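Here is a short report on one protein chain. Look through the sequence and the 3D view first, then read on.

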Amino acid sequence: MEKTKVIVAMSGGVDSSTAAAMLLEEGYDVAGLTLILSGNDKKAADFTASVKEVSDKLAIDLNVLDLRQKFDEKVIGDFIRSYEQGKTPNPCVVCNKKIKFGSMLKEATGLGASYLATGHYAKIHRSDSYFHLHKGVDITKDQSYFLYLLNQEQLSKVLFPLGQYKKEEIRAMARDYKIPSADRDESQDLCFISDGNYRNFFLEHTNIEHKKGPIKNMQGKVLGEHKGLFNYTVG
């Protein structure tokens, strides 16, 4: 009987790597797909090599998709425009809809996969023909709020193997699978901002004037000094 093919979105981290190992153990035909979203060619090659270390360990094929231009236009561009308009963006939400479960899901389908699996801590429940997005078991790691823009077609083709587990259980599994990144520290910063300082990033990528000014109350009393209005958004 032919195995169901699943493409796993792989970053080389403990979550996506363990998801791939779990699906292999469950009997799926598994291959990896990693995205190049930012950085120069040298950084892209180094990143791909770190992911390939995991795919080689699991003995699965690794596909690479370079989406730097689209990521720059759809995610980073939206991030900058939102701040310019005084809004507080969530680039991960945009990335999930347009990149990971947009272009990446399309690529996975083109590779003959029935599903795209990721290392998100979330769950999908099916009721009749409707797919419901739910929080993962580990509330401290729940990522369902990053995925709320996914539509029914996308949800019908996605697997979240980690949704039933807590983070410490996943790390324990990773050690059992001997995954290289089992004990690697994780980052929750924006992937395209290396130092975690979005203000510096914003100033480097826009022509907006960085003007300081007074902060006043309704009576006109000066309470302090702001560092540029773009630093203060609704949200």
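## A loop residue to start

Lys178 sits in the loop between helix 6 and helix 7 (198-204). Helices here are DSSP runs of H or I with at least four residues, strands are DSSP runs of E with at least two, and both are numbered from the N terminus. The model is a predicted one: local features need pLDDT of at least 70, side-chain atom pairs count only at pLDDT 80 or more, and totals for chains, interfaces and linings use all residues. Residues are numbered from 1 along each chain as its sequence is written, and side-chain values use heavy atoms, with hydrogens and water left out.

Is Lys178 buried or exposed? Lys178 is exposed, with a relative accessible area of 58%. The cut-offs are these: buried means under 20% relative accessible area, exposed means over 50%, and partly exposed lies in between (1.4 Å probe, protein chains only).

The backbone of Lys178 deserves a look too. Its phi is near 60 degrees, a positive value in a residue other than glycine. Most residues other than glycine have a negative phi. Asp128 also has a positive phi, near 55 degrees. Asp128 belongs to the loop between strand 5 (122-127) and strand 6 (130-135). With 72% relative accessibility, Asp128 counts as exposed.

## The whole chain

Now step back. The chain has seven helices and nine strands. Its C-alpha atoms fill a box of roughly 75 × 45 × 35 Å, taken along the principal axes. Of its 235 residues, 42% count as buried. Contact means heavy atoms within 4.5 Å. Among contacts with a separation of 6 or more, 67% come from residues 24 or more positions apart.

## Salt bridges

Side chains of opposite charge can pair when their charged atoms come close. A salt bridge is a side-chain nitrogen of Lys or Arg within 4 Å of a carboxyl oxygen of Asp or Glu. How many salt bridges does this rule give? The count comes to seven.

| Pair | Closest N and O atoms |
|---|---|
| Arg68 and Asp41 | 3.0 Å |
| Arg68 and Asp66 | 2.6 Å |
| Arg175 and Asp183 | 2.9 Å |

Take Arg68 with Asp41, which form a salt bridge. Arg68 lies in helix 3 (residues 68-84) and Asp41 in helix 2 (residues 41-58), so the pair ties together parts that are 27 residues apart in sequence. Arg68 is also bridged to Asp66. Asp41 counts as exposed, at 57% relative accessibility. Asp66 is partly exposed, with a relative accessible area of 43%.

The pair of Arg175 and Asp183 is another case. Arg175 is partly exposed, at a relative accessible area of 43%. Asp183 counts as exposed, at 52% relative accessibility.

## Two helices that pack

Two packed helices are described by the angle between their axes and the distance between the axes. Axes are lines fitted to C-alpha atoms, for helices over the stretch in contact, and angles run from 0 to 180 degrees between N-to-C directions. Helix 1 (residues 14-25) and helix 6 (residues 167-177) pack at about 65 degrees, with their axes 9 Å apart. That makes helix 1 roughly perpendicular to helix 6 (angles of 65 to 115 degrees count as such, under 35 as roughly parallel, over 145 as roughly antiparallel, and the rest as oblique).

Which residues make the contact? Helix 1 brings Val14, Asp15, Thr18, Ala21, Met22 and Glu25, while helix 6 brings Lys167, Ile170, Arg171, Met173, Ala174 and Tyr177.

Asp15 of helix 1 is buried, with a relative accessible area of 15%. Residues up to four places away in sequence aside, Asp15 touches Gly119, Tyr121, Leu162, Lys167, Ile170 and Glu186.

## A buried loop residue

Ile60 lies in the loop between helix 2 and strand 3 (62-66). Ile60 is buried, with a relative accessible area of 9%. What does Ile60 contact, beyond its neighbours within four places in sequence? The partners are Met10, Ala20, Leu24, Val30, Ala31, Gly32 and Ser55. Ile60 and Val30 are 30 residues apart along the chain, and their C-alpha atoms are separated by 6.6 Å.
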